[in-house]
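Trainee: I would like to go through this model and test each label against its definition. Can we start with the strands?

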Amino acid sequence: MELSKDTLTKIDEVIGRYPEKRSATLMVIHLVQDEQGCITDEAVEWIAEKLELQPVNIYEVVTFYPMIRREPWGKTHVRVCRTLPCALRGSYKTCRTLEEKLGVKEGHVSEDGEFSIEFMECLADCGKGPVVIVDEKTYEDVQGEAAEKFAEQVKNGTLAKDRNFTSYEDGLAKPRKKTVASKKKGARRK
Amino acid sequence: MAVAKEKRIILKYADAKGYSNDLPCYLEHGGYDMLKKAVKSKPEDICEEVLKSGVRGRGGAGFPTGMKWKFLDRKSGKPIYLICNADESEPGTFKDRQIIYKDPHQLIEGMMISAYAIQAKQAFIYIRAEFFEGARILDRAIAEAKAKKLCGDNVLGSGYSCDIVVHRGAGAYICGEETGLIESLEGKRPNPRIKPPYFPAVLGVYQCPTIVNNVETLCNVKHILEMGGDAFSKLGIPNNTGTRIWCVSGQVQNPGYFEFECGALTLGEMIYDVCGGLNPGRSLKAVIPGGSSAKVLRSDERFTGTLKDGTEFDWGVTDIPLDFDGPMAAGSMSGSGGIIVMDDSVDIVEAMANINAFYAHESCGQCTPCREGSLWMRKISTRMCSGGAREEDPDLLVSVANQIEGRTICAFGEAAAWPTQSFVAKFKDEFIAKANQPAPDDDAEGPARLRLI
Amino acid sequence: MSGNGKVDMVSIILNGEEVEVPAGINLIEAAEIHGREIPHYCYHPKLTVAGNCRMCLVEMGMPMRDRGTGEPVLDADGNQKIGWIPKPIIGCGTNVSPGMHVNTDSPLAKDSREGIMEFLLVNHPLDCPICDQAGECRLQEFAMDYGRGYSRFVERKNVKPKRTRLGPRVTLDDERCILCSRCIRFCQEVTKDDVLGFVDRGSYSTLTCFPGKELSNNYSLNTVDICPVGALTSSDFRFKMRVWFLKESPSICTESSAGANTLVESREGQIYRITPRRNDAVNDTWMTDSGRELFKQVRFESRLTTHQSDGAEVTLDGAVARSVELLSKDKIAIVGSCNSSVEEQYLLRKLADQTKAKTHLPGHFGDDDGLLLSADRSPNLRGALATGMVKKYPSDNLKPLALQLGKGAVKTLLVVNEDLFSLGITKEQIKKAKIIYVGTHENETSKVADVVLPGLTVFEKSGTFINRNFRLQKFFQAVPGPAGLVPDFLVLNRIAAELSGEVAESFGLESLWNEIGKLRVSCLKGIAFREIPSDGLALDPGQLADLPYVEGPSLNFAPAKVKKKAKAKPKAANT
């Protein structure tokens, strides 16, 4: 099985962090899935050999977790939270909106492999629900009319640049540029 | 009487303008001063401060942290491990996210102090995989800390070494259960272990003594060291010390997260004053005070009894104080601090069906009652919401839930059973009425037509 | 059990009655000792505790003591109150401790069991009419004994793969699986062949192998034995016979000197399957797959069924007469078999003494798998040594006999159940000698024998074997042999009697053992057949311990001469 040098280096490094090789299972699976999009039977055997385990040990772990895939999602994967707090703010309607706009049912990949939608359980941002994760970025308050516009942006691939929707991650404060002068020793701000 | 103001200790800087999650910013705000103090103190002294502070776990169980550290088996000769439970998955909770994304170094400092106090050999942060950027932020923060010898080998020249490893989950709520987390960290299916004999403080990860603490709890350790255990114990009220971050979601005007001293305000003040009340034209129907595992409170309920300190109480839902013991006295729990508010537009049966679907999906499947019972309850609730409800269903639901509670390996059984028991008990009329309702029409519009399942 | 043989006892109160139980055991074992059943699925005495079926929930309490003073808290009658724990606890995971109160029949315990029973049946398919496990199914039994008796489930049951091939001998039906994980623990802990696992989660958890791998090790059928329901079934036994028709006879596996205790299950003279019998000193609760197949030999085409003398069919009397005639001469040699029972080997020794014959014994050897297939592939090599039939440890060929034949020092050969030509004897060498063949199946030797006396297989006669632990174990007849045949030992006894000019009295194993027990220099001295316990009798090998036995360290067995550190590998893990 072919893996990029970068991934292989990362895998070796991550295995070294744990006292026992088996602990690295999930992290290695993530690294392989990040590169290949899913975990195939071949990948399971490769990982088992790498960690000195039996294939069934890896197989058990791979099939337990919903975020580890046996087949890849679409190029753009949309995750919508379905648990109560977001549902109370209309996440099911948001999901239906996305289904209509992207032309794919929840839990499936579109025919052309471009889009897929998945219901997730609580994404831990309930105060700003409904929460939708697109390509690892967490978008908040995706409801009603905003959901319509949001779905359009996802379809056109312009979501990342759209200023109406700033993901939680992009909304974090950026570090100030460090200049030698601005770093005063012992400076405190209460 | 004016409503109490927030007392931001943990979240002091998280949302401050320009406060970023890198090390220079943290250092500018007095970061790692407490770690410097810690490595000059004796580990047992730090443990004593934590015990004196009376701080209770903020992950959901509310177990006194100092006592948990006392249970640690320090005599076995096996290495000790510290695990930070950053698998925040309890529906309604979103406080640990704020700490991880906006102020990760506070967590790292708290962890290093705690690791030093319990003399841990290595520490892990088990973070849920849905926090994609969170894991990267933590990795960066740990690398920054290591570069300045605030973490890793020979911390601050003290001779104490402890590395922190960020370990990602992959979308399972059961990994928030401490022994499930330990199994997942060991690379196996996250099936919780039977206790006895596998108490983490004795036989934890790799069968070595382990302490598993929540993100917020570990951050508190830093502040306990700063102000001293005694001073910390004076915040809040007796037996409910310190501050807590409450997360309000659902049908309020201004949902969000707020840090208050324990007992500083009531549930009503939180909903109506801090969060701006319900949506226009709506009235309160139900509140879940502590994440979806907690029992639901009906808006017109009254709670009477005697508290642990002997005082009598007679509360409506809005009078319940927001601390550990208050919601428990009202027959529920404060759990992870996730308050979910439901107004009168909500179909209660659908709300419960949504929660049952969550538990059925997240059950690990190891033990019989939770595995079969949670799925059975989900099947009954979904059938009830699609027009197949019968009058005997609510009693059946309660009976099934009673057969799960107390019979399982871990507390997931209770977590799955309590919502059903409380929803049916307190809203029986709606459940019975469901038997005479036709299946809802998915396409019907209207402000009240809110589908939850 | 403590090493010096003494067992520490602990006193607990079981269902209101104070009883003594060995220290360190769990509540299921404790209750069983006192005749009460705590139903369970996932617990198995030879596997680690999983605690996941929750069927063994019982109520437990400790005598109440005041938290402050430590004084007992008393009730109105002055008796110490019992602090019953509000949640039930699992019996398999809880060890006995002095003074604990256990109630297996309280309303809480009963309700727990009814609840668990109901949950197990909720997604269980209605397969009883076609399921092989019916009649020995714990789900059926406990539903009868502890279930509620009616169903409240009106939803759809989960659908999972049915009748899949898990391995060459095991069929898996995932819908019936109750996810007790006994099979997974067995494969990991006993056979160290980690191929089984659960995939998916929650109620959709499914037992499977990794695609491309299968459950094919030589102990795979033990998972069928321990599966409490009909999820894992034997592909060979599938749909063959309802188990309530089967008669069970205790026997011993003849595959190797491990001597695994077995149950032969038959109906109306036909054997349908073999399953292991529990013996904690020999095979725990396991046996090999290959050992189970041995019953098929009973009905091979090559079975010898008629007595022959000089090529013609004769009666038993005729064959015995001709044998006696041949054995009355001189220059007799006897080739015994390690597959013969102790009684038969004793009679061969008696014949050897009478006819002044030299005895030869070929051994059959193979690889030792470290569990229950030892390097010595015959059940009773030690019987030949113990009865004195041979003095030296056998080798795998008959070269000494070949030499004797070459010198013309053998005129009559009595061969028991061995094929000379596969043991280094040539047809040339045989030409000058007469052969009396006693055996079960036809082979090259029986074809050229002058007298053929068909024998009975281990399933058709009773007797004893001595296994590698030097344990004397009984096996009993399960099915009748071919018509007209009598047990080997009766034939040999008759020949011996007639050789000395007496009339044989028909007698049984008990009176034969009266003779065997009189052997002066033997570990069998003084043993009465009736007194051999059903789980065997440990013998003192004495001088015989110093022989070069080929078996290696295995389950419940450590070879005597191996250096001290290599104790028997703990294949049966402890809780």
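Trainee: In which sense do β1(B) and β2(B) pair, and over how many bridges?

Mentor: In the parallel sense, over six bridges. Two strands pair if DSSP finds at least two bridges between them, so six is enough for β1(B) and β2(B). B:Ile83 has B:Phe124 as its bridge partner in β2(B). A word on the basis: this is a predicted model, where local features need pLDDT of at least 70, side-chain atom pairs count only at pLDDT 80 or more, and totals for chains, interfaces and linings use all residues. Residues are numbered from 1 along each chain as its sequence is written, chains are lettered from A and ligands numbered from 1 in the order in which they are written, and side-chain values use heavy atoms, without hydrogens and water.

Trainee: With which strand does β1(B) pair over five bridges?

Mentor: With β4 (residues 210–214) of chain B, in the parallel sense. B:Tyr81 stands opposite B:Thr210 there. Strands here are DSSP runs of E, at least two residues, and helices are runs of H or I, at least four, numbered from the N terminus.

Trainee: Why is β1 of chain B called largely enclosed?

Mentor: Buried means under 20% relative accessible area, exposed over 50%, partly exposed in between (1.4 Å probe, protein chains only). Six of the six residues of this strand, 81–86, are buried, so it is largely enclosed by the rest of the structure. B:Tyr81, B:Ile83 and B:Asn85 point one way, B:Leu82, B:Cys84 and B:Ala86 the other, and all are buried.

Trainee: What makes β1 of chain A mostly covered?

Mentor: Six of its six residues, 76–81, are buried. A:Thr76, A:Val78 and A:Val80 cover one side and A:His77, A:Arg79 and A:Cys81 the other, all buried.

Trainee: Which strands pair with β1(A)?

Mentor: β2 (residues 115–120) pairs in the parallel sense over six bridges, with A:Arg79 opposite A:Glu118. β3 (residues 132–134) pairs in the antiparallel sense over three bridges, with A:Val80 opposite A:Val132.

Trainee: How do you know that the span of α2(A) is close to the expected one?

Mentor: The expected span is 1.5 Å times one less than the number of residues. α2(A), residues 25–36, has 12 residues and reaches 16 Å from first C-alpha to last, close to the 16 Å expected. A:Gly37 follows, with a positive phi near 90°.

Trainee: Why is α2(A) called largely enclosed?

Mentor: Nine of its 12 residues are buried, so the rest of the structure largely encloses α2(A). Its buried residues pack against α1, α3 and α4 of chain A, together with β2, β3 and α8 of chain B. Contact means heavy atoms within 4.5 Å.

Trainee: What makes a nonpolar core?

Mentor: A set of buried Ala, Val, Leu, Ile, Met, Phe, Trp, Tyr and Cys residues joined through side-chain atoms within 4.5 Å. The largest has 191 residues; A:Tyr65, B:Met342 and C:Leu196 are among those touching the most other members. Its largest share, eight residues, comes from α13 (residues 348–362) of chain B. A second, separate core of 73 residues includes B:Leu35 and B:Ile125.

Trainee: What is the area buried between chain A and chain B?

Mentor: About 5400 Å², of which carbon and sulfur atoms give 58%. Buried area is the accessible area (1.4 Å probe) that two parts lose on being put together, summed over both. In chain A, A:Phe64, A:Leu84 and A:Leu88 lose the most to chain B, together 13% of what that side buries. 53 residues of chain A are in contact with 79 of chain B.
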